[in-house]
Amino acid sequence: MIFKGTVRKVGDHIDTDAIIPAVYLVTGDPKILGEKCMAGLDPDWVKQVKPGDILVAGRNFGCGSSREHAPIAILGAGIPVVVGHSFARIFYRNAFNTGLLLFEIGDGICEIQDGDTLEINTETGVITDATSGKTFSCPPIPASMAEIVNAGGLVGYVKSRLGN
């Protein structure tokens with residue numbers, strides 16, 4: 001699968017409370033959560049986002065509590081994929097379980113600027129910054145994880161395996 005979108009960049013150690021503050025955890029509706037995505041960082045951040053944009057994050061993205069609402073909020077904002085330096089482990093698993101793709105490229109994120117256009121090939125793990133012409137490589141998504149994401153997350157995957 002190929003994703004192409006505009007970069008929306010955030011810094012290091014963005015925790016789940018910045019991604020979706022606790023006050024908004026009264027729903028699991030992705031659309032409503034998406035309207036408040038990154039409200040703990042900047043209440044107007046999501047107003048810049050267009051469907052298909054790509055979030056680029058610094059070190060330890062998704063640290064803090066283990067709330068599943070954080071990746072759901074990102075998806076609800078219209079962002080299908082996050083490229084980061086590194087991710088908090090529980091956020092990493094929650095992201096895939098909810099259908100959000102993540103790619104770790106380490107210090108390569110320093111070369112990607114807010115507003116650049118990225119193209120991501122999920123099968124090869126090649127990420128191209130169409131604005132600068134730079135290319136980054138990371139491991140492709142394992143087939144088992146891709147199946148979960150393609151089913152819309154773990155719940156959809158289990159339903160499909162059970163024939164529901």
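**A walk through the predicted chain**

Histidine 13 is partly exposed, with a relative accessible area of 49%, where buried means under 20% relative accessible area, exposed means over 50% and partly exposed lies in between, all with a 1.4 Å probe and protein chains only. The model is predicted, and local features are therefore taken only where pLDDT is at least 70 and side-chain atom pairs only at pLDDT 80 or more, whereas totals for chains, interfaces and linings use all residues. Residues are numbered from 1 along each chain as its sequence is written, and side-chain values use heavy atoms, with hydrogens and water left out.

Histidine 13 belongs to the loop between S1 and H1, and its phi is positive, about 55 degrees, although the residue is not a glycine. The C-alpha atoms of glycine 11 and arginine 59 are separated by 7.4 Å, though the two residues are 48 apart along the chain. If neighbours within four places in sequence are set aside, glycine 11 is in contact (heavy atoms within 4.5 Å) with Ala57 and Gly58. Asparagine 60, in the loop between S2 and H3, also has a positive phi in a residue other than glycine, near 60 degrees, and at 26% relative accessibility asparagine 60 counts as partly exposed.

Taken as a whole, the chain has six helices and seven strands, and from the N terminus on these elements run β-α-α-β-α-β-α-β-β-β-β-α-α. The radius of gyration is 15 Å, close to the 15 Å that the globule rule gives for 164 residues, so the chain is as compact as a globular protein of that length; the radius is taken over C-alpha atoms, and the rule is 2.2 Å times the number of residues to the power 0.38. The C-alpha trace spans about 40 × 40 × 25 Å along its principal axes. Of contacts between residues at least 6 apart in sequence, 64% join residues at least 24 apart, and buried residues make up 45% of the 164 residues.

Phenylalanine 91, apart from its neighbours within four places in sequence, is in contact with residues including Phe61, Ala70, Pro71, Ile74 and Leu102. Ala70, Pro71 and Ile74 are among the buried residues of helix H3 (residues 69-76). The buried residues of H3 pack against helices H1 (16-19), H2 (30-34) and H4 (89-98), and against strands S2 (54-57) and S3 (81-84). H3 is followed by glycine 78, whose phi is positive, near 95 degrees.

Charged pairs come next. Side chains of opposite charge can pair when their charged atoms come close. When a salt bridge is defined as a side-chain nitrogen of Lys or Arg within 4 Å of a carboxyl oxygen of Asp or Glu, the count comes to seven. In one of them the side chains of arginine 8 and aspartate 53 meet at 2.9 Å, N to O. Arginine 8 lies in strand S1 (residues 2-9) and aspartate 53 in the loop between H2 and S2, so this pair ties together parts that are 45 residues apart in sequence. Arginine 8 and aspartate 53 are both buried. Glutamate 104 and arginine 89 form another salt bridge, at 2.7 Å from N to O, and this pair links distant parts of the chain, with glutamate 104 in strand S4 (residues 101-104) and arginine 89 in helix H4, 15 residues apart. At 32% relative accessibility glutamate 104 counts as partly exposed, whereas arginine 89, at 51%, counts as exposed.

Leu154, Val158 and Leu162 form a nonpolar surface patch with about 250 Å² of accessible area together. Patches are made of residues with over 30% relative accessible area and no salt bridge, like charges being joined within 9 Å and nonpolar side chains (Val, Leu, Ile, Met, Phe, Trp, Tyr) within 5 Å. Leucine 154 is found in helix H6 (residues 154-162), and at 32% relative accessibility leucine 154 counts as partly exposed.

Notes: Helices (H or I, at least four residues) and strands (E, at least two) are DSSP runs, numbered from the N terminus. Accessible areas come from the Shrake-Rupley method with a 1.4 Å probe; for residues, only the protein chains shown count as cover.
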